[in-house]
Amino acid sequence: MDTRRLAAAAATIVLIAVLAGCSGSAPDGGGGSSASAEPSASASPEASSSPTPSPTPTSPAVALPTDCRAILSEDVLSQLGETPLNDAAMGPSGVGDDGTLTCIWRDPRADTTGLVTTIARMNRGPALDLLNGLVATEGFTCFTPDEGTRCEKTWPNPQYPVTDGRTLFWRDDILIDTVYSNLAPTGYTSSIIAHLFD
């Protein structure tokens, strides 16, 4: 009778040890349902709070620039050379009523050579919609340099033997959008980014 009790007690101790071992492995990635339910419950408040626009700007809003030359480095300006800036024949340019800056580097006598940059405010949602749309429908390539998102694409000009392109950069609710043809100074967009955000 004592041996039966000892055997039963030993079996109980072994069973408790086995159960303790099983329950101890689930939190480390064992995949138990209770372990997976806890992270999703705690992640839900964070996921629901991230889309709201209020927590996004943790730093003061970046001021829109007002001078097309001041946002470029000396090196970029030297590459632009004598290209006219904001000639009245090219249409509206400079600072708009909403603060948007439009810079048109183009000689009105040129058939295609020039570039147009628009720097405007754009919230995260519309900016992501725009950039994702360019990737999905127009084959743009995007990457994430300088704490922002940059999308770009080049293509042959349909009429002249030159390259056309478009480069967009979004960060902190500012969109820099440049369309160009046969005029792409090295470091142009990076120079604007450095002026605005550094």
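Here is a quick note on this predicted model, point by point.

1. Some ground rules. Residues are numbered from 1 along each chain as its sequence is written, and side-chain values use heavy atoms, with hydrogens and water left out. Since you have a predicted model here, local features need pLDDT of at least 70 and side-chain atom pairs count only at pLDDT 80 or more, while totals for chains, interfaces and linings use all residues.

2. The overall layout. The protein has 5 helices and 7 strands; these are DSSP runs numbered from the N terminus, helices being H or I with at least four residues and strands E with at least two. Walk along the sequence and you get α-α-α-β-β-β-α-β-β-β-β-α.

3. Of the 198 residues, 30% are buried, meaning under 20% relative accessible area with a 1.4 Å probe and protein chains only.

4. Have a look at β6, residues 163-171. This strand is mostly covered, with 8 of its 9 residues buried. β6 runs antiparallel to β5, and 8 bridges join the two; strands count as a pair if DSSP finds at least two bridges between them. Arg150 has Phe169 in β6 as its bridge partner, and a hairpin of 6 residues links β5 to β6.

5. Now the other neighbour, β7. Again the strands are antiparallel, with 8 bridges between β6 and β7. Gly165 finds its bridge partner in Tyr180 of β7. The hairpin here has 2 residues between the strands, and Asp172 takes a positive phi near 50° in it.

6. Next, the second largest pocket, with a volume of about 160 Å³. A pocket is an open set of points on a 1 Å grid over the protein atoms alone where a 1.4 Å probe fits, with protein on both sides within 12 Å along at least five of seven lines. The volume is the space filled by probe spheres set on the points, which are joined across faces, edges and corners.

7. Who lines that pocket? There are 14 lining residues, with Arg150, Thr167, Pro185, Tyr188 and Thr189 nearest the centre; lining means having an atom within 4 Å of a point. β5 (149-156), β7 (174-181) and α5 (188-197) each give at least two residues, and α5 has the largest share with 3. The lining splits into 6 nonpolar, 6 polar and 2 charged residues.

Terms used
Ala, Val, Leu, Ile, Met, Phe, Trp, Tyr, Cys and Pro count as nonpolar, Asp, Glu, Lys and Arg as charged, and the others, Gly among them, as polar. Buried means under 20% relative accessible area, exposed over 50%, partly exposed in between (1.4 Å probe, protein chains only).
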